[in-house]
Each structure stands twice: as structure tokens, then as C-alpha cells.
Amino acid sequence: MAQIQLQLIGNVHEAIRLFKYARRLRERVNTPREGKLPYRYLDPMWAAQIGHIANIEHLIKREILRGQDPKRLVLLCPEKPANQALLDKMSAYITVAASEAELPYPQDVMFSVLEEYYICESIDGLLKHWWHASPEIFRTWEMAGRKPLLTLTDEEQTRGRAILQNAGIPNDAWFASLHVREGGFKKEQGRALQESGLNADCATYIPAIKQVIDRGGWVVRIGDPAMNPLPPMQGFFDYARSGLKSEWMDVFLLGACRFFIGTSSGPAYIPPLFGIPCALTNWYPTGSRPFNSRDIYIPKLFRAGKPSRMLRFEDMFTPPFGYALHYVDSEIMSLSAVSNTSEEICEVAVELLDRLDNKLAYSSEDRSLQETFEAVAETNFCLGNARMGTAFLRRHKNLLM
């Protein structure tokens, strides 16, 4: 019921109420007589998608910031995870049980301390939507000057670079990793319609790819072999459609790149684990906002009504539009998502490149627009730490009013 309220109806407040009720019910029914367990239980859902594994990050950071041992986070993973290589790295922090027999208590008892995916206890001890708790946890982590959770060893760097060199990428070349979500992978899982708003057209990323190449870098596209082909370009390696794909190499490319260009899909949550900055585009749902201050992002926009008009940011950020993956009344309201243009995507990639090359300077107007955006976002439940793309804000500043 809570997921329907959240993902189809977009009523985040009712969804959180139901999630909290379910949590209280589990605690009442499943807590043993001797009292609350000293663990937090992560059910197999946390290993079912690569993004879910990556999103254990905010739980680990929360525990460390509280002075707790993150090993008390116990993940049950009886089947093959979405990415074993990533889970192996995360296992340095958490406990992974391959069967119920390896759990510290029987599974029905562990349900009393279930860590629900969609809600999270934040630093202040309050239970919130994870889009709201995670930015608070990440901001506290950054302000404390703590390092990224994961690193690549020298051996991993050598191994990954050797594979790239065999693909024609010089050993001393820097590269950006690219992932643009398409519908094929989720179609196989039966979630194509519900999550279609997360998709984008990779062809619109060609100008950004060329910009990276012109600046001396390579672009490596990750993803699945069913992705639409892109035209051959010197300096572009379509790893997704190559014979070199492996779970380990996926993680390497996301952890060794100079920066990441992508959309709101699972792979976008992996570079931050390694401290890699991201240019995040076509971000959706619009009520979410990337968690890391090192990132720059631009969301999809919305048109609605007859005659059609562009919605203001405050309308796009708040429930229901800001939270529903597939809003049930979209057709009645003539609501449609507007994807980022090639120019907008290229601009945000260039902004991040300029920052990395120490060529970036913001004008007083840019700072003012960013401050206005921050105020609109914060007062409309769009919480996060990433900066909105500068050129995007200039172009759409009328939507701030």
C-alpha cells in the first residue's frame, strides 16, 4: 500500500505514515521477549539491484557517524546479488549472510529490526523518507571531512587499466564513464512502464561525449548489451556492447573514471562511493535530488494542461509529481516529462569539466539563481546537496518564480 501511495499516487506523506505503521507492527509482533536486537536487518531486496547495493552507503555512514559498528547491519543474500564485485567491497563494512542459518537470529525475529528501503532513521533519530534522510547523513559526513567509503587497490587499478589498454585506451589516458538508462533491462524484469520516466535517449548525449573527447579524455559507456548503438567515435569505447563486460569491470569503470555522466539509475550511485564527481542529467523523479555536494545535476521538466504549459519548479518538486515514478493521473492532466536537450546535457558536462580543470567562475547572477533554487527546493521537499546546473538555471529561471 505504501509503495502504491509513493510510486503511483505520489502521496509521500501517506506512504511514510504507512511505512512507519508497518515498522511499528513488525517491532511489536517480532521483537523477542529479551528485548530489541542489537542489529539492523537488510532483507534480500538490498542486493537485488546494483543501485540498492550502492545505497547501503547511507546506512553505513549513519552508523559510523553515530559511533556504531556498521557490521551490525546484517544483509541476507541467499541468491546471487545484482553485482557480486560491488557487494564484496561493501562487505568490508557490513555483515552478509548467505542463508537464514547464518543470521544471528531466525529471520522472523530479525524482521523486528528490518531496515526498510524507502524510509531511514536519520542523524537526528527521526524516521524519514530515504531521499530526505540521506542528504542529511551525507552532509554530516562531508562536513566531518571523512573520506569516501571505497577505494580501488593498486592491483585493481593495474588489472582494469590492462583491460582498457587492450580495448585501445592508452594507459595514461583519463576517461569519463557514461550510463544512460534505457528500458530494455527493466523490461525483462517487468518494470518497463512503471519506471519509464527514468529513461533517456543516449543519442542526445553525443555532443557531451564529443566535448569530453575534445578536452583530451575518453568516454566509456557502461550498461547492458541490448542498448541502442551509438556511432563510432575516436575516443569513445562502447563497453556496454563489447565482449569485455563483467561485474568486476562495471565497478572498476565507475570507480576509476575522472567523472561520471549519467541518469537517475542504479549505476549513478556507485561513483560517489569512490568520491567520483557526477554530472547527473534527466534526473527523475523531480522531488529527489542527488546527495553529494560534489555533483551537478539537471532534472527532467514537466508540461501539463490544455493548452500545455511548463510547470514551475515548486510544482515539479512537491507531491505528487515530485515523487511518483508513474503518476496515475498523468493522462487526465495531460502531464508529460520533458527530457533534457543535447545542449543542456553538454552544458552540465562542461560545467563539471571546467570545475575539475579549475576554469570555473560563477557570476553574481549565477550565485543569486542558485540561492533562489536552494530556497525553492528546500521549501518544497526537494532535499539534497547537488548543485543545479548553471546554464540550466539561466535558461529556465522563469520556472523559479
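Visitor: Where in the chain is the place of proline 307?

Guide: Proline 307 sits in the loop between strand E12 (301–304) and strand E13 (309–310). Helices (H or I, at least four residues) and strands (E, at least two) are DSSP runs, numbered from the N terminus. The model is predicted: local features need pLDDT of at least 70, side-chain atom pairs count only at pLDDT 80 or more, and totals for chains, interfaces and linings use all residues. Residues are numbered from 1 along each chain as its sequence is written, and side-chain values use heavy atoms, leaving out hydrogens and water.

Visitor: What kind of peptide bond joins lysine 306 and proline 307?

Guide: Most peptide bonds are trans. The one between lysine 306 and proline 307 is cis, with omega about 0°. Tyrosine 284 and proline 285 are also joined by a cis bond, with omega about -5°. Proline 285 lies in the loop between E10 and strand E11 (296–299).

Visitor: How do I read phi at asparagine 282?

Guide: Most residues other than glycine have a negative phi. Asparagine 282 has a positive phi of about 50°. Its place is in strand E10. Its relative accessible area is 1%, so asparagine 282 is buried. Buried means under 20% relative accessible area, exposed over 50%, partly exposed in between (1.4 Å probe, protein chains only). Asparagine 358 has a positive phi too, near 55°. That residue lies in the loop between H13 and helix H14 (364–378). At 72% relative accessible area, asparagine 358 is exposed.

Visitor: What does alanine 200 touch?

Guide: Alanine 200 lies in the loop between helix H9 (184–188) and helix H10 (206–214). With 14% relative accessibility, alanine 200 counts as buried. Leaving out residues up to four places away in sequence, it touches Val180, Arg181, Glu182, Tyr205, Thr263 and Asn282. Contact means heavy atoms within 4.5 Å. Arginine 181 is 19 residues away along the chain, yet its C-alpha atom is 6.0 Å from that of alanine 200.

Visitor: Asparagine 55 is also in a loop. Is it buried or exposed?

Guide: Asparagine 55 is buried, at 4% relative accessibility. Its loop runs between helix H3 (50–54) and H4. Beyond residues up to four places away in sequence, asparagine 55 touches Trp46, Tyr117, Trp130, Tyr269 and Phe291.

Visitor: In what order do the seven strands of the open sheet run?

Guide: The order is E8-E7-E6-E9-E10-E11-E15, with parallel pairing. Two strands pair if DSSP finds at least two bridges between them. Strand E8 (236–237) and strand E15 (387–388) are the edges; each pairs on one side only.

Visitor: Which residues are bridge partners in this sheet?

Guide: Start with strand E6 (residues 175–179) and strand E7 (residues 218–221), joined by four bridges. There, phenylalanine 175 partners tryptophan 218. Four bridges also join E6 to E9. Serine 177 partners phenylalanine 260 in E9. Phenylalanine 260 in turn has cysteine 278 in E10 as a bridge partner. Three bridges join E9 to strand E10 (residues 278–283).

Visitor: Which way do the residues of strand E9 point?

Guide: In strand E9 (residues 259–262), Phe259 and Ile261 point one way, Phe260 and Gly262 the other. All are buried.

Visitor: What is the order of the sheet of three strands?

Guide: That open sheet runs E1-E2-E3, again with parallel pairing. Strand E1 (40–42) and strand E3 (95–97) are its edges. Three bridges join strand E2 (residues 73–76) and E3. Valine 74 has threonine 95 in E3 as its bridge partner.

Visitor: How do helix H8 and helix H11 cross?

Guide: Two packed helices are described by the angle between their axes and the distance between the axes. The axes of helix H8 (residues 154–166) and helix H11 (residues 247–256) come within 10 Å and cross at roughly 100°. H8 and H11 are therefore roughly perpendicular (65 to 115 degrees). Axes are lines fitted to C-alpha atoms, for helices over the stretch in contact, and angles run from 0 to 180 degrees between N-to-C directions. The contact includes Arg159, Ile163 and Leu164 in H8 and Trp248, Phe252 and Leu253 in H11.

Visitor: Which residues have the most contacts inside the largest nonpolar core?

Guide: Nonpolar side chains tend to be buried together in soluble globular proteins. The largest core here has 119 residues, and Leu86, Leu253 and Phe313 have the most contacts inside it. Helix H13 (residues 342–356) supplies the largest share, seven residues. Apart from this core lies another of ten residues, among them Leu76, Ala97, Leu103 and Val113. A nonpolar core is a set of buried Ala, Val, Leu, Ile, Met, Phe, Trp, Tyr and Cys residues joined through side-chain atoms within 4.5 Å.

Notes. Angles under 35 degrees count as roughly parallel, over 145 as roughly antiparallel, 65 to 115 as roughly perpendicular and the rest as oblique.
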